Amino acid sequence: MTLAEKILAAHAGKKSVQPGEFADVQVDLVMTTDATGLISVQQFHKMGATKVFDPGKVVLVMDHFVPSRDVESAETVKALREFAREQGVLFFDVGRAGIVHVILPEKGLVLPGDVVVGGDSHTCTYGALGAFATGMGSTDIAFAMVFGRTWMRVPESLHLVYHGLPGPWVGGKDLILHTITRIGVEGASYQALEFTGEAISALAMDDRFTMANMAIEAGAKAGLFSVDEKTRAYLQGRAQRSYSVQSADPGARYAGTMEFEVSSLEPQVAFPHSPGNSRGVSEAEGIFIDQAVIGSCTNGWLGDLRAAARVLKGRQVHPGVRCIVVPGSQEIYLQAMNEGLLEIFVRAGAAVSTPTCGPCPGAHMGAVGAGERCISTTNRNFIGRMGSPRAEIYLANPAVVAASAVIGQIVHPREVAGK
Amino acid sequence: MIRGRARKFGDNIDTDAIIPATYANLTDPAELGRHCMEHIDPGFARRVSPGDIIVGGSNFGCGSSREIAPWAIKGAGVSAVVAKSFARIFYRNAINIALPLLECPEAAEGAEEGDSLEIDLLQGEIRNLSRGKVSKAAPYPDFIRELVTAGGLVEYARRLLGQAGRPTGGREK
């Protein structure tokens, strides 16, 4: 069995499962946020439920519209806060946490071998830890909150093998943008991606989170990594409970295998209006930008802020550009402060925000207007994603975004910061 | 039997197109419906007649997990969506809230804006009355049919809770 099949079988109480079969799966954690949680609570009540299945396994994270953008969002959070209090579930409020997909791993709430369902499509981020994690809608999440289980169609797995070692200024974001462009935005629909190979073993955890995060942009249900020493080191001191590591069997059957040679890969830039529309940064050079965003569940990790700071240190954001930096969590914010990264950003003329999803879905803290162009480390450049439907969004890694912020045009980071 | 006019869209209609995230604090379907497709087809919500059927291309509903996407479509008065293929989370969400989806490349490609369509959900048949064509959609897997027959996931859950009390319910097979 593949990694995904092994985890699902273990949670369905079966010796084995086959792709295409419907399995009734126990979940280790059910998550929702202020963006989709209110409908879950309403559906929870409509189902006639009075209690969640296990308060220690249900978590609500306020991240999309916080600190509250307006009266409606304040009241949404208020209703969720009340539900959390009444049910005794885990609740992360403003100032206590950050973006859900950053803080659940950080707080050791998601562990290898887990099945996690979340009311957000980027729930697949936790695949970086060797968990089977997938996004669902509000009603599915309500069901999982009540029963501690969900139905799943066991996905086929797509085996992705990355050869070589990525060059300087190339990281997880570039690998995944390149992958989505090769597979296509629905090329992995209903499938689980399994990331392997020399390049993957060499990647830091932050880069693995970035890659797993964007599995959904190829239509995938989940994107999984094997557990190795880096995973264990990350979990050291974080894990809240013991965990059982699963791994793919040697003879596992995959729907397909794709191989990538990454040693010659350039930093990638996804052109409007699709994450599956990436090219090497050299093809994007000279495109003028109005805004540069560094952050989100995709690239708001400490490693991302370090990469951006390396480029921005001692330099100035171009007068025609607004640069917005959003650390993924309070822990990362604090660490970035201790390392002097925040000072680098502020001195460069960038705005540093409290952790929030904010600008990524055009919610607040940096929406873009008609005719404006934004380069961003986020995950989607759909029409209207960050504000006006007449704005253009380019996606890239944090170093490319930082370098572009300095020049005012999309540029390779080596042009700004050297090798 | 569902009857309505075809409202045609292309491939990869994402959830930000169906309903921008900025409306995530709304929960009233009618209110959500007023913003349905506003980024890619301004005025859609005003032009759509109750019962109309959205006809999409491939990967319809890709992107976010936001359930307000199918709610907005329902709230706009749309009775069903026919597409070449659907994104996974959107598919679940629509089934869960009893918005009928039919996966049928032939019917999706063959229909033009304004065509008169008739859908027989039990048979999985899509009849294009304007063009005199009948197409068969991919059948729902058994478990999905069970959910649809129950009237969506909330009703299904109510039955489980009613039968077995909380939280021992599970799928009976």
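Domain bounds here come from an automatic or database domain assignment. For chain B that assignment gives domain 1 (2–138) and domain 2 (140–173). The model is predicted: local features need pLDDT of at least 70, side-chain atom pairs count only at pLDDT 80 or more, and totals for chains, interfaces and linings use all residues. Residues are numbered from 1 along each chain as its sequence is written, while chains are lettered from A and ligands numbered from 1 in the order in which they are written.

**Domains of chain B**
- The C-alpha centres of domain 1 of chain B and domain 2 of chain B are 25 Å apart.
- Contact (C-beta atoms, placed from the backbone, within 7 Å) joins 4 residues of domain 1 of chain B to 6 residues of domain 2 of chain B.
- On the domain 1 side there are 3 nonpolar residues, 1 polar and no charged; Ala, Val, Leu, Ile, Met, Phe, Trp, Tyr, Cys and Pro count as nonpolar, Asp, Glu, Lys and Arg as charged, and the others, Gly among them, as polar.

**Interface of chains A and B**
- Chain A contributes 50 residues to the contact and chain B 40 residues.
- The side of chain A that touches chain B divides into 20 nonpolar, 19 polar and 11 charged residues.
- Helices (H or I, at least four residues) and strands (E, at least two) are DSSP runs, numbered from the N terminus; among them, α5(A) gives the most to this side of chain A, with 6 residues.

**Sheet in chain A**
- An open sheet of 5 strands runs in the order β4-β3-β2-β5-β6 (chain A), with parallel pairing, where two strands pair if DSSP finds at least two bridges between them.
- Its edge strands, β4 (90–92) and β6 (132–135) of chain A, each pair on one side only.
- Strands β2 (residues 29–33) and β3 (residues 58–61) of chain A share 4 bridges, and A:V30 stands opposite A:V58 in β3(A).

- A nonpolar core is a set of buried Ala, Val, Leu, Ile, Met, Phe, Trp, Tyr and Cys residues joined through C-beta atoms within 7 Å; in the largest one, of 207 residues, A:A308 and B:V82 touch the most other members.
- Not counting residues up to four places away in sequence, A:A308 touches A:I294, A:V325, A:P398, A:A399, A:V401 and A:A402.
- Helix α14 (residues 398–407) of chain A is largely enclosed by the rest of the structure, because 9 of its 10 residues are buried.
- A:G408, which follows α14(A), has a positive phi near 85 degrees.

Methods. Contact = placed C-beta atoms within 7 Å. Buried ≥ 20, exposed ≤ 12 C-beta atoms within 10 Å, placed from the backbone.
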